Amino acid sequence: MTLMERMRVLSEGTKYDSCNQSAVCHAFGPDGRCIQLYKTLMTNACCGECTYCPNRCGRDSVKATLSPEEIVKITWSFYRRNAVEGLFLSSGVIGDAEKTAEQQLEVARLLRTQGFAGYIHIRVMPGTPKYLLEEISDCANKFGVNAETTSSINYSEICPNFHYNSDVLQRLKWTRDLINRKRREAGKRGRIIGANDTQFVVGAVQESDREIIGTVEKFMDRYELRRPYFMSFDPVPFTPLENNDPSPLWREIRLYQTSYLLKDYGMTANDLDNVLDDNGFLPDNDPKMLLASCNPELFPVDVNSATREDLLRVPGIGPVGANRIVSSRPINSEKELSRMGVVLSRARPFVEINGKRQTNLFSFAGVGA
Amino acid sequence: MIVAFRENVDGVLLACKELIENPDCDLLSAKGRAELKQKMEFTGIEDVKTLGFRGSTDTTKIVSNLFGNKRSRMFQRDPDVEGYIAMVLRHRSSRAIELVRFLVSCQGNVELLYSGKSNIGKKYYNCMRDVSRSYHRMCMFARPYLANGVLSVKVESPHQIGDMFCRWLARKNPDVPVSVIEGDIAWIGNGNHVGLEHFTKVPSSLAGSLEFSEACDEVDDMWDMYYDSQIIQKRRNKTHAKQLQPKLSASMSKMAERDRYKVERGISNYTLDNFTSG
């Protein structure tokens, strides 16, 4: 296979991975997702037997490998052309996690010794030894391991070659500690060190959204997870899960929305319990709007006296809008709110400005306040 | 009293300070000494107090006097007050005198610069965001070519941000000299590699020896292949993608133009092989 053909095969293997690192995006695909990094696998010839994965051992597919030197060359070419900010490097398991991490480390080291100042994100394999994680943390800006699911029972179902507690959770703890240490060493002006992150495959096993939200909250608390990534399960032919139903895309979107509510809005998994159905799944609706509708007694909030926390519960007001409102009081009109970036069409039923609020059917009927 | 100030961060801040001390003074602004002289000759004014035309000023001190030490940014990437003024002044429709009066009218409330609560506040916040957006788009979609050992690119912008982009590109590639050509000026970054100052500007004619490749090279082909490999066809969202990869981006580089075309038309899975085999 030519370099271009191998490159295509291995880049396609990472297209579901998100690599958001809050830097410059250099292109956007027709699906609206940004391209910031050159994302590639080192190889798709994996010796793991993950039941959902197209690269699983024994599945008949085109196998390809890029050498560290080839990855370095391609990364430099794209970087000089200002087409990417750096490299996202993942891989199939080459023999074992240690050998794979050694190869990944070689790529990062080669780039750094050649003076590469860009961003390097390495997705390490479950079970990567601690000494290699430490060496990777010397070269990479971000490194982490995928949790894939919510519990060891679920994990053993989809990733039979690894152990959830020792190969994943233990690594999440190590990466958390390494990130904190590297951030302290780098200081404010040093190399950017990205926060701990992980990815969940949504819908491969029958875990509920309640379980996922609870796990995300637990990870945020224990492993200082900043942002979880979700990947909808899509059955791959010739894998053990080929006959399972695909997870709908909207489920992934609703999970992202709830993760933002946990991350930026100060909400807890218990707060979100109200919006889940009896089986613990999110409906296909905006969770914040549902939450507001479930708690009508909390509204309307007076924009001139409400706390930031109360404002954050209003649909259409985000953290930026809430900051603006708090620092720009008094607010005298809807127009001012609109100028501050509040989405009035969503926020209007839930806010009050100088005693004025949107009327509703209950008011006409003389019911309620 | 007439106060003439230079249309830069120093001049604007000094003018703010002066306007607070002498609220009745009249303001006059100029981009440089030559323009000031021209304006004075045109209006017949002889006696003016000039601010910001010589030396540099401790702007941090003036900002803390004007707005205190409180930092306020609505978005994480919003610049501080000095950055805000610098951005606004680059905007083609900014008026330096109006900006000075707006800054003074905030009466020390730095949030009013960013909140967009008043009409004038919204106008200047939008100017700042406009310039910032143009700069970020340039960082996103401009594609320099390595020619004769120099990383070179031609850019166009209504807001005079070539120097900002050049500094960014030089920081990103500290080991090679970079050249950003904007109209008849060429900004040179990392100039020390070619015996120039670290950051300088030269007439673009001097940078004319740099060859700009318009033809596709191997990197372009690799990029096209990589770009196509990252698309999830089932999730195509044309409206959203068009907002993020705007029409404007297509004019910034050939690569961005091809990417924009794919956003518009999608990526065809058909090749000549499909026709011959069928």
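**Exercise 1. Find how far apart the C-alpha centres of domain 2 and domain 3 of chain B lie.**

Solution. Start with the bounds, which come from an automatic or database domain assignment: domain 1 covers 2–136, domain 2 covers 142–209 and domain 3 covers 219–270 of chain B. Then take the C-alpha centres of domain 2 and domain 3 of chain B, which are 27 Å apart.

A word on conventions before we go on. Residues are numbered from 1 along each chain as its sequence is written, while chains are lettered from A and ligands numbered from 1 in the order in which they are written. The model is predicted, with local features needing pLDDT of at least 70 and side-chain atom pairs counting only at pLDDT 80 or more, whereas totals for chains, interfaces and linings use all residues.

**Exercise 2. Work out the strand order of the open sheet in chain A, and what packs on it.**

Solution. Helices (H or I, at least four residues) and strands (E, at least two) are DSSP runs, numbered from the N terminus; two strands pair if DSSP finds at least two bridges between them.

- Step 1: the 4 strands run in the order 3-4-5-6, with parallel pairing.
- Step 2: strand 3 (37–41) and strand 6 (142–145) of chain A are at the edges with a single partner strand each, so one side of each has no neighbour in the sheet.
- Step 3: from one strand to the next, the twist averages 15°.
- Step 4: strand 4 (residues 86–90) and strand 5 (residues 119–124) of chain A pair over 4 bridges in the parallel sense, and Phe88(A) stands opposite His121(A) in strand 5.
- Step 5: helix 3 (residues 97–113) of chain A packs on the sheet, touching strand 4 and strand 5, and its direction makes about 175° with that of strand 5. Axes here are lines fitted to C-alpha atoms, for helices over the stretch in contact, with angles from 0 to 180 degrees between N-to-C directions.

**Exercise 3. Describe the side of chain A that touches chain B.**

Solution. Contact requires C-beta atoms, placed from the backbone, within 7 Å.

- Step 1: chain A puts in 35 residues and chain B 43 residues.
- Step 2: helix 1 (3–12), strand 1 (27–28), helix 2 (68–80), helix 12 and helix 13 (334–339) of chain A each supply at least two residues of this side.
- Step 3: helix 1 of chain A gives the largest share, 5 residues.

**Exercise 4. Name the partners of Val12(B).**

Solution. Set aside neighbours within four places in sequence; Val12(B) is then in contact with Phe5(B), Ile85(B), Ala96(B), Leu99(B) and Val100(B).

How values were computed: Contact = placed C-beta atoms within 7 Å.
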